[in-house]
Amino acid sequence: MQFHHHGYVSGDPRVQPAAGVGLDRPAELPDEVDVLIVGTGPAGMIAAAQLSQFPEVNTRIVERRAGRLPIGQADGIQARSVETFQAFGFAGRIAEEAYRITEMCFWHPDPADPSRIVRGERPADDPGGISEFPHLIVNQARVLDYFAEYMACSPSRMEPDYGYEFRGLERADDHVTVTLVRTAGERAGEEKVVRAKYVLGADGARSRVRTAIGCTMQGDSAFHAWGVMDVLAVTDFPDIRLKCAIQSGAGGSILLIPREGGHLFRMYVDLGETDPDAHHEVRSTTVEQIIARANEILHPYTLDVRDVAWHSVYEVGHRLTDRFDDVAPEDSGTRTPRVFIAGDACHTHSAKAGQGMNVSMQDGFNLAWKLGYVLTGRSPASLLATYSAERQVVAQNLIDFDKEWSTLMATPPEELGDPGRLAEFYVRTTEFLFGFMTQYPPSMVVAEPAHQALATGFPVGKRFKSVPVVRVADANPLHLGHQHRADGRWRLYAFADAGDTPALTAWAGWMAGSPGSPLVVHPREIFDVKVVYQQRHVDVDIASVPAVFLPRTGRFELVDYENVFATHPDDDIFDLRGVDRAGCVVVVRPDQYVAAVLPLDATDELAAFCRQHLMV
């Protein structure tokens, strides 16, 4: 974290100086805004948090509840989400209060007595070392709290506007008129009309915004029901503090998820097949019946529930909208979108893979920086069409995965054949479960992978996978990717050539002063330019580093020394990520996805790529 560059800061450095709309933010929801976000779930809150870093953009987020969410339904935080939290500055703090998954136990019927369960496989949660970030369990409400804190400390000083329910919208060529109704306080029932340039519907599976723009959910039901409960209980089941998939010979399964705090845990309890003609009668199942069913599955172990924090019953359904914005297929290419949907408003599936909140947050992260760039005049409105194109494919992949996982969980052990089949599937699909399989196709913000061989470990279209390096100026070892903050900037990582680095020196000179350089053609503040040398840090002369990597900052024009790195003695980034020793440039989007890999001398290609999505 950098501070003091504007002068001495004696308070919390996480509180950024107010700017733009944050200088005089009205407490009352205004009649006109740039972006109106409907819903304070994970997708809406991360979008608001990212947009809070664009103080020129007037963003408001409304919620029908009267206040913060006290307890959420989602709890699984995959490594990709923790990586994202790092960009928003709270990965460490939320990890301290969360439950950390390190192993998963698989329980099967005892071959000698199928009425009893016995422990089987016990694989590590991340056997291949896919991520340096942990797999966490923490209530969704706390995730939202951290995003709310980030927004409040941002230059925009953003806060949710509670007590407003979405009722409808009307679209025009240059704006959207939204009708809201107050749901709380002395003015409950009163209508409020807001004119917005763009609207994001993050209002859940029963999204009214989705309905208003004519999107339809398509998919099917598995006609299988599960009871879920967060409980405090006394039990003799030995793995109660480990994530477990439990399959019973008596029929039925349990997915056990320990929760934060050391005592609470969640159980997804198999309630069996449902009758399609029974009109969801299974939803009337009581918590006492769920507990009884759990005891049957756990035999010979017992579960004495002392308190139920929350419970629900749901039927597995897999549904996806036909699009993620208000542009109908027949209008594609003739206009740009004004209304978007994200999260559960776009895709619904079972909760057992722990993907819902995680994928929803990536929806919001993907869209928000693009809105910020369009509204500040940095990018053309056509950029917004990439949101639906990129995220709908991700959602479809999630649904395909979840169908297989939830089917395996519900399949009786005797029909699986190999008792270890479930564990094998879990280990084989870890990269997907951790959120790292997403790869965006070429577009105006993802280049063709023509030069991928220069950095094989940074696949174009996939998220930038971090590696330890050493910061030259202060000899601190740290992760390169962890320096990527959610500040809306593009990252340009220059990997130096060997020896006296003639290629790097030429590239840096071009970047600093050429009329075609992105730093000259486009606003300098939207780029964060870093260099990684092949030598050890003690062999890099900071005085010889090109000035483009030592920018001046703040009103005193102080030198920023935190952009110059060397290889880590134990983890050479050039070897680990297959970076060519002749050097290259890796371009990374504001949402941490690799946008391009280019040779150091391909300056015309770099300039042309930036012109695709940035205004002159």
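This is a predicted model: local features need pLDDT of at least 70, side-chain atom pairs count only at pLDDT 80 or more; totals for chains, interfaces and linings use all residues.
Two strands are said to pair if DSSP finds at least two bridges between them.

**A sheet of three strands**

- Strands of a sheet pair through backbone hydrogen bonds, and the pairing may be either parallel or antiparallel.
- The sheet described here is open and is formed by three strands in the order β3-β7-β4, with antiparallel pairing.
- Its edge strands are β3, covering 76-77, and β4, covering 99-101, and each of these pairs on one side only.

**Salt bridges**

- When the whole structure is searched, 45 salt bridges are found.
- One of them joins Glu-28 to Arg-182, with the closest N and O atoms 2.4 Å apart. Because Glu-28 lies in the segment before β1 (32-38) while Arg-182 belongs to strand β10 (residues 176-182), the pair ties together parts that are 154 residues apart in sequence.
- The two members of this pair can also be described by their accessibility: Glu-28 counts as partly exposed at 36% relative accessibility, whereas Arg-182 is buried, with a relative accessible area of 10%.
- Another salt bridge links Glu-97 with Arg-142, where the closest N and O atoms are 2.8 Å apart. Since Glu-97 sits in helix α3 (residues 91-97) and Arg-142 in helix α4 (residues 140-152), this pair ties together parts that are 45 residues apart in sequence.
- Glu-97 is partly exposed at 26% relative accessibility, and Arg-142 is partly exposed at 29%.
- The side chains of Asp-487 and Arg-489 also meet in a salt bridge, at 3.0 Å from N to O. Asp-487 is partly exposed, with a relative accessible area of 23%, and Arg-489 counts as partly exposed at 26% relative accessibility.
- Salt bridges can also join into a network, as they do for Asp-75, Asp-230, Arg-259, Glu-260 and Arg-266.

**The annotated region**

- An unreviewed UniProt entry carries the annotation "domain: Phenol hydroxylase-like C-terminal dimerisation", which covers residues 438-613.
- In the model, the chain over residues 438-613 is 18% helix and 22% strand, and its end C-alpha atoms are 21 Å apart.

- Leaving aside neighbours within four places in sequence, Val-446 is in contact with several residues, among them Glu-390, Tyr-440, Val-460, Arg-589 and Phe-609.
- Val-446 and Val-33 are 413 residues apart in sequence, and their C-alpha atoms are 30 Å apart in space.
- Beyond neighbours within four places in sequence, the contacts of Ser-253 include Trp-226, Ile-246, Tyr-268, Asp-270, Ile-297 and Met-409.

Note on methods: Residues are numbered from 1 along each chain as its sequence is written. Side-chain values use heavy atoms; hydrogens and water are left out. A salt bridge is a side-chain nitrogen of Lys or Arg within 4 Å of a carboxyl oxygen of Asp or Glu. Helices (H or I, at least four residues) and strands (E, at least two) are DSSP runs, numbered from the N terminus. Buried means under 20% relative accessible area, exposed over 50%, partly exposed in between (1.4 Å probe, protein chains only). UniProt positions are given in the numbering used here, feature names are shortened, and annotations may be inferred rather than shown by experiment. Contact means heavy atoms within 4.5 Å.
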